Amino acid sequence: MTAYILRRLLQALPVFIGSTFLIYAMVFAIPGDPILRMFGDRTPTDATLAALQAKYHLDQPFLVRYLLYMGDVFRGDLGTTFQGQSVNEILMRTFPNTLRLAILAVAIDLVVGVTVGLVAGLRKGKIFDNVTLLIGLVLISMPVFVLAFVAQWFFGIQLGIFRATVGPGAPWGDLILPAIVLAALNFAFTMRLTRASVIETNAQDFVRMAYGKGLRSERVVPVHILRNSLIPVTTNIAANFGILIVGATVTEGIFNVPGVGNELFKAINRHDSPEVVSIVTVLVIIYVLVNLGIDLLYGVLDPRIRYVKK
Amino acid sequence: MAIAALALAGCAGTGGGGGATTGIVTVSSNEPENPLIPANTNEVGGGLILNNIMSGLVYYNADGSVELDDAASIESDDNQNWTITLRDGLKFSDGTPVTAESYVKAWQWGASDPENLNQWWFGYAIPFAGFSDDGGDDTLALNVVDDKTFTVELAQPQADFSLALGYTVFFPLPDSFYDDPAAFGESPIGNGPYKVAEDGWIHDESITLEPNPEYTGPRTAQNGGVKMVFYATQEAAYADLLSDNLDIIQQVPSNALGTYKDDLGDRAVDQPAAIFQSFTMQGELPHFGYDEEGTLRRAAISHAINREEITDVIFQGTRTPATDFTSPVIDGYSTDIEGADVLTYDPEKAVELWNEANAISPWDGQFGLAYNADGGHQEWVDATVNSIKNVLGIDAVGVPYPDFAGLRTEVNNSTITSAFRTGWQFDYPGMYNILGALYLSGSGSNDAHYDNPDYDALIAQGAQAGSVDEANDYFHQAEALLFRDLPAIPLWYGAVNAGYSTAVDNVQYGWDSWPILYKVTKEG
């Protein structure tokens with residue numbers, strides 16, 4: 001088991017180097033000089049242009065810039081933005097907010113999606129099943145910004161139940177509304193997967209056996225049906241968590257969440273290559289780790305697919 | 001002289017510190033893009049902070065008129081050698097005195113290093129004697145006479161020198177700045193009506209300012225402090241305004257321009273801004289050179305644009321069709337400059353001029369208008385080229401660039417092969433700011449590559465004139481040349497479309513589009 005985890009972690013290294021190189025090359029390939037952007041319609045003097053290009057290594061060839069950057073990264077320094085802020089600090093500041101938003105969204109998705117899916121699966125074809133199917137379809141076909149704007153306008157501005165945007169310090173309470181929006185996007189998947197899985201498990205021999213030996217449904221449903229139905233749902237939710245923690249740019253923008261997605265969006269607009277590359281690289285690493293976590297989770301939930309040494 | 005009037009207005013205000021009300025005013029803004037140092041701040045997020053925690057020699061009223069702030073007088077006999085005297089009792093928020101040296105050293109530092117984003121100001125926006133593009137220590141011809149007096153020598157006379165002195169780059173710095181400029185950029189110390197509250201700057205979230213008890217000038221804070229909240233989108237700020245989580249916004253998002261006056265009632269603000277929008281054709285563009293053919297074609301294009309309709313339909317009346325090369329809030333703005341009728345929509349005249357040009361050299365190809373696709377310009381560019389296409393019967397298209405940096409790079413390298421959108425937001429409310437920067441031959445920002453000795457001479461005469469009014473006469477004559485040659489095609493002026501909540505009173509927006517925060521009152 002340890003050897004397996006170690007090998008998976010080692011595999012992350014080429015992914016890391018490859019992704020930084022690709023991202024660095026892509027940011028490099030965006031046409032336009034970020035220094036000129038800083039001056040708007042004014043044009044800096046040649047001396048200023050040269051001095052700033054040298055300061056940010058923009059006058060160096062691509063490979064030199066990449067190696068300079070990687071040298072810093074291996075020393076634990078993710079670089080500084082054009083503003084002179086350390087990218088390490090930016091990530092430490094923004095990532096916790098995105099993480100908390102993702103945890104909240106996944107929790108809402110899990111509780112509501114699994115509950116609704118379970119009930120719908122147990123009452124297949126009944127009115128509850130059909131109504132929730134319809135709601136799921138509506139939510140899944142709505143673009144995120146529509147859902148986010150409508151939720152903000154209705155719950156934030158008209159009813160005033162939630163704060164329209166996330167306030168100072170991003171308290172948990174303010175994160176609930178954007179988390180609901182993010183959860184709603186995945187709700188249909190969770191609900192339908194749970195439902196299908198519950199229906200399948202419900203027809204299995206061991207469930208009939210459980211009922212047959214006189215167990216009451218309060219025991220059979222959570223222990224026998226639900227646990228065995230949750231494997232595909234877990235993968236789906238964990239994958240969604242992986243997507244959410246690398247930043248929900250649109251939702252974070254609308255609700256002004258001071259998170260990673262928001263920061264990345266601003267950095268791309270500034271052509272801030274050190275910041276863009278560093279943030280994306282860290283996100284790639286996180287994504288790789290989350291996927292490793294998902295694979296290990298399989299084994300915990302289902303001993304039959306636990307990793308065995310050959 | 002105008003300067004005498006300035007000196008009269010320069011009586012010190014009444015006591016600093018807390019004002020009439022105690023509430024903390026919240027206002028939408030952006031995270032500063034650069035360290036908070038005057039010589040390095042050239043964008044609005046940092047600029048709004050510095051303007052409130054620092055004071056210059058002068059400040060601007062809402063209408064753009066100038067009042068003395070730190071200065072007791074700004075005097076010159078020849079507009080070239082200036083003597084500046086400071087008021088008594090000026091202090092930075094750390095208690096150290098503001099002296100002539102605080103100003104002189106700050107300006108020398110700003111001009112010393114080409115890495116400073118505003119270094120060019122000391123040589124190009126205002127021509128200081130001794131300035132060098134490459135920087136260097138103490139190059140400017142500034143001289144400290146005593147604690148309260150210093151002199152400035154300019155490379156050439158500049159009538160509106162005192163008008164420019166309210167700009168960010170001319171703020172003084174305390175001694176502690178030079179020990180560690182980087183640390184200062186994180187927690188700046190100023191001499192303005194406010195100071196940054198302890199731990200007040202939470203990056204990417206907000207910055208809180210509190211009244212500066214050391215401030216004794218005319219801009220005394222009338223509230224208990226200001227909190228600038230940073231928003232990634234204007235939509236989010238507007239949602240917070242509507243739900244009473246925010247007091248003042250700086251700009252209504254474009255999707256609410258049609259409804260914000262209904263949403264806000266008499267709390268909606270719509271006033272002209274010091275923003276001039278245009279598009280520019282470089283002199284090298286085929287068929288559009290500064291010769292007879294090019295001049296005819298430039299005028300034909302200008303006559304072919306229906307500015308009234310585009311500002312009404314696309315901008316819902318929030319832009320005003322241009323009548324000159326400045327802005328309605330700039331001293332010297334005019335609607336009747338000779339040749340300004342080239343801005344009227346006149347399809348017949350346009351076709352006539354275009355055909356005259358065709359007689360010199362037949363038209364071929366396509367008229368392109370380049371814009372950056374990330375700035376919400378597509379709608380008006382499409383409307384403008386359609387207007388040109390329909391009137392002149394030629395192929396005209398918008399040419400999108402992915403972003404602003406890409407567009408500016410091609411303009412700067414003169415590799416652009418079409419017309420391109422240009423704009424100017426004034427740094428100080430004087431005509432020289434735009435006329436000197438954009439159309440003087442050899443000026444760095446002369447994107448049009450306009451080169452006209454007569455124009456240069458008129459601008460020089462205006463700069464040397466005895467008063468701002470006299471100067472503006474020369475500038476108007478220079479504008480008449482611009483209308484003849486059209487290095488840029490004026491389109492319209494920008495506007496301040498903003499608003500505020502029911503919790504605040506006395507909200508005014510200045511000529512520079514910024515809310516005048518020290519005047520705002522809010523009950524605690």
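Visitor: What pattern does chain A follow along the sequence?
Guide: Read along the sequence, chain A runs α-α-α-α-α-α-α-α-α-α-α-α-α, with 13 helices and zero strands. Helices (H or I, at least four residues) and strands (E, at least two) are DSSP runs, numbered from the N terminus. The model is predicted: local features need pLDDT of at least 70, side-chain atom pairs count only at pLDDT 80 or more, and totals for chains, interfaces and linings use all residues. Residues are numbered from 1 along each chain as its sequence is written, chains are lettered from A and ligands numbered from 1 in the order in which they are written, and side-chain values use heavy atoms, without hydrogens and water.

Visitor: Why is Ser278(A) called buried?
Guide: Buried means under 20% relative accessible area, exposed over 50%, and partly exposed in between (1.4 Å probe, protein chains only). Ser278(A) has 0% relative accessibility and therefore counts as buried. Its place is in helix H13 (residues 273–301) of chain A. Contact means heavy atoms within 4.5 Å; not counting residues up to four places away in sequence, Ser278(A) touches Tyr69(A), Leu78(A) and Val87(A).

Visitor: Is Met54(B) buried or exposed, and what makes it so?
Guide: Met54(B) has a relative accessible area of 0%, so Met54(B) is buried. Met54(B) lies in the loop between helix H2 (44–53) and strand S2 (58–60) of chain B. Leaving aside neighbours within four places in sequence, its contacts include Pro38(B), Phe171(B), Phe184(B) and Arg219(B).

Visitor: What makes the pair Arg195(A) and Asp129(A) a salt bridge?
Guide: A salt bridge is a side-chain nitrogen of Lys or Arg within 4 Å of a carboxyl oxygen of Asp or Glu. The closest N and O atoms of Arg195(A) and Asp129(A) are 2.8 Å apart, and the pair forms a salt bridge. Arg195(A) lies in helix H8 (residues 172–202) and Asp129(A) in helix H6 (residues 127–140) of chain A, so the pair ties together parts that are 66 residues apart in sequence. Both Arg195(A) and Asp129(A) are buried.

Visitor: Which accessibility class does each of Lys266(A) and Glu263(A) belong to, and why?
Guide: Lys266(A), at 25% relative accessibility, therefore counts as partly exposed, whereas Glu263(A), at 3%, counts as buried. Their side chains meet in a salt bridge (3.8 Å, N to O). Both residues lie in helix H12 (residues 260–269) of chain A, three residues apart, about one turn of the helix. An α-helix has 3.6 residues a turn, so residues three or four places apart point the same way. Arg93(A), Glu263(A), Lys266(A) and Asp204(B) are linked in a network of salt bridges.

Visitor: How do you know how much area is buried between chain B and chain A?
Guide: Buried area is the accessible area (1.4 Å probe) that two parts lose on being put together, summed over both. Between chain B and chain A this comes to about 3700 Å², of which carbon and sulfur atoms give 52%. Glu33(B), Glu115(B) and Asp204(B) supply 15% of the area that chain B buries against chain A, more than any other three residues. In contacts, 46 residues of chain B meet 42 residues of chain A.

Visitor: How many salt bridges does the rule find across this interface?
Guide: The rule finds six across the interface of chain B and chain A. Arg37(A) forms a salt bridge with Glu33(B), the closest N and O atoms being 2.8 Å apart.
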